[in-house]
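Please read the following note with the sequence and the model open beside it.

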Amino acid sequence: MSNKTNQQWGGRFSEPTDEFVARFTASVEFDQRMYRQDIQGSVAHAKMLTEAGVLTEQERDAIIQGLSEIEQEIEAGQFEWSVALEDVHMNIEAALTQKIGITGKKLHTGRSRNDQVATDIRLYVRDEIDFILGELSRLQTGLLDLAEQEADTIMPGFTHLQTAQPVTFGHHLLAWFEMLNRDYERFVDTRKRVNIMPLGAAALAGTTYPIQRQLTCELLGFDAPAENSLDAVSDRDFAIEFCSAASLLLMHMTRMSEELVLWTSAQFNFINLPDRFCTGSSIMPQKKNPDVPELVRGKSGRVYGHLMSLLTLMKSQPLAYNKDNQEDKEPLFDAIDTVKGCLRAFADMVPALESRKAEMREAALRGFSTATDLADYLVRKGMPFRDAHEVVGKSVAYGIETSKDLGEMTLAELQQFSDTIAEDVFDVLTLEGSVAARDHIGGTAPAQVRAAVQRGRARLAERS
């Protein structure tokens with residue numbers, strides 16, 4: 001990289017920038033990833049300046065052609081980035097001027113790096129949100145397919161990680177689907193506030209040139225231009241909001257990860273993860289470690305940290321732009337990369353999960369998971385719920401003493417706690433009977449699970 005100091009703003013200065021300071025303040029090593037958005041914004045700006053009479057059509061065409069060639073050079077790995085030019089914006093502008101001459105210097109008319117970078121970041125985040133929404137839909141599609149396949153697979157449902165009531169694996173997977181659906185909606189909502197255009201705010205007070213912000217806005221696909229020039233260049237709420245939505249998504253993914261880690265353990269043995277998503281041990285030959293969910297679980301801390309970093313960055317900043325804001329990019333970029341990586345891993349892995357049906361069913365038979373069904377049975381026979389609760393509690397205590405589940409007891413054993421219990425009690429003390437009885441929207445009945453899958457597919461279809 002070049003050691004020359006930046007000459008784009010050097011007229012005011014009597015000596016070059018210290019070489020260490022140039023490197024310390026430069027952002028090109030990480031913001032060069034926004035080159036497409038920077039070029040996209042510059043093309044739109046050049047077209048607008050032509051409409052405003054600032055550039056001729058020939059100058060506009062030369063600028064657009066030069067920017068296109070620079071984009072090709074960057075993508076071919078032939079572009080030389082210079083720390084001395086500080087950032088992606090100055091690097092591209094300097095290359096353009098070198099390529100097409102003095103016309104390249106006209107591109108920055110009516111624009112500041114302040115509104116330029118604010119525009120680039122919004123374009124970049126908008127593109128990344130669109131990609132993330134696609135990956136969320138892909139993961140949700142995998143969950144729906146697996147839930148439909150496992151609609152009849154009985155497993156224990158837990159509260160406090162203790163056996164509570166029987167559910168189906170398909171029903172459990174649909175709970176994950178709902179978490180991700182809220183995440184999808186949050187990212188869609190965040191995108192609305194991302195999609196506001198700062199360009200035209202210039203440094204902080206707008207510009208005296210006859211710019212046409214609505215035209216630029218339409219060319220770049222923004223919903224509207226920012227209303228206030230001071231706020232436009234200094235606002236980073238959208239980056240904070242992105243990290244907030246990302247933090248909630250990663251929180252949900254840690255819950256999924258934790259369950260996958262538990263379920264693959266020998267103590268649960270509920271599911272099998274394909275080998276391609278696992279690793280072994282350097283010392284223990286028998287080990288098969290669920291590294292993907294473990295790593296996703298761990299990466300949540302990075303995104304949480306980036307949210308705190310950006311909140312702290314913006315705390316107490318006076319209007320308008322401050323150099324502090326250069327520190328917004330690395331946490332934001334890493335949060336984006338982390339979310340994309342985690343979603344890709346899960347979207348690839350989830351459809352390949354294999355349930356161990358026998359082990360899940362056997363686990364559901366332990367822990368008196370049909371106790372609530374027995375209580376409901378007694379209530380339907382006319383017993384007050386609190387009395388029914390006591391009867392079932394005594395039945396469970398007896399079961400603990402005799403090592404018998406409720407469904408394994410004889411009618412005589414059950415009737416010692418209440419003569420209301422009759423032969424038909426055994427219809428509700430089976431796992432299949434328990435899940436099938438919850439036949440309502442949001443319930444565990446296999447028919448309801450399949451209906452929920454179809455509603456989920458319809459929700460996904462509405463997005464396209």
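1. Is Phe-368 buried or exposed? In this predicted model, whose residues are numbered from 1 along each chain as its sequence is written, local features need pLDDT of at least 70, side-chain atom pairs count only at pLDDT 80 or more, and totals for chains, interfaces and linings use all residues. Side-chain values use heavy atoms, with hydrogens and water left out. Phe-368 is buried, with a relative accessible area of 17%; buried means under 20% relative accessible area, exposed over 50%, and partly exposed in between (1.4 Å probe, protein chains only). Phe-368 sits in the loop between helix H14 (357-365) and helix H15 (371-380), and its phi is near 55 degrees, a positive value in a residue other than glycine.

2. Ala-202 also deserves attention. Its phi is near 55 degrees, again positive in a residue other than glycine. Ala-202 belongs to the loop between strand S3 (196-197) and helix H9 (213-220) and counts as buried at 8% relative accessibility.

3. A further backbone feature concerns a peptide bond. The bond from Leu-319 to Ala-320 is cis, with omega near 5 degrees. Ala-320 lies in the loop between helix H12 (291-314) and helix H13 (329-349).

4. On the overall fold, the protein has 19 helices and 6 strands; these are DSSP runs (helices H or I, at least four residues; strands E, at least two), numbered from the N terminus. The radius of gyration is 30 Å, well over the 23 Å that the globule rule gives for 464 residues, so the protein is more spread out than a compact globule. This radius is taken over C-alpha atoms, and the rule is 2.2 Å times the number of residues to the power 0.38. Along the principal axes, the C-alpha atoms fill a box of roughly 100 × 50 × 40 Å. Buried residues make up 50% of the 464 residues.

5. The aromatic side chains may be examined next. The whole structure holds 10 aromatic pairs, where rings of Phe, Tyr and Trp (its six-membered ring) pair if their centres lie within 6.5 Å; planes under 30 degrees apart count as stacked, over 60 as edge-to-face and the rest as tilted. The rings of Trp-263 and Phe-270 have centres 6.5 Å apart and planes at 40 degrees, so this pair is tilted. For Phe-268 and Phe-270 the centres are 5.3 Å apart and the planes are at 80 degrees, so that pair is edge-to-face. Ring pairs link Phe-158, Phe-169, Trp-176, Trp-263, Phe-268 and Phe-270 into a cluster.
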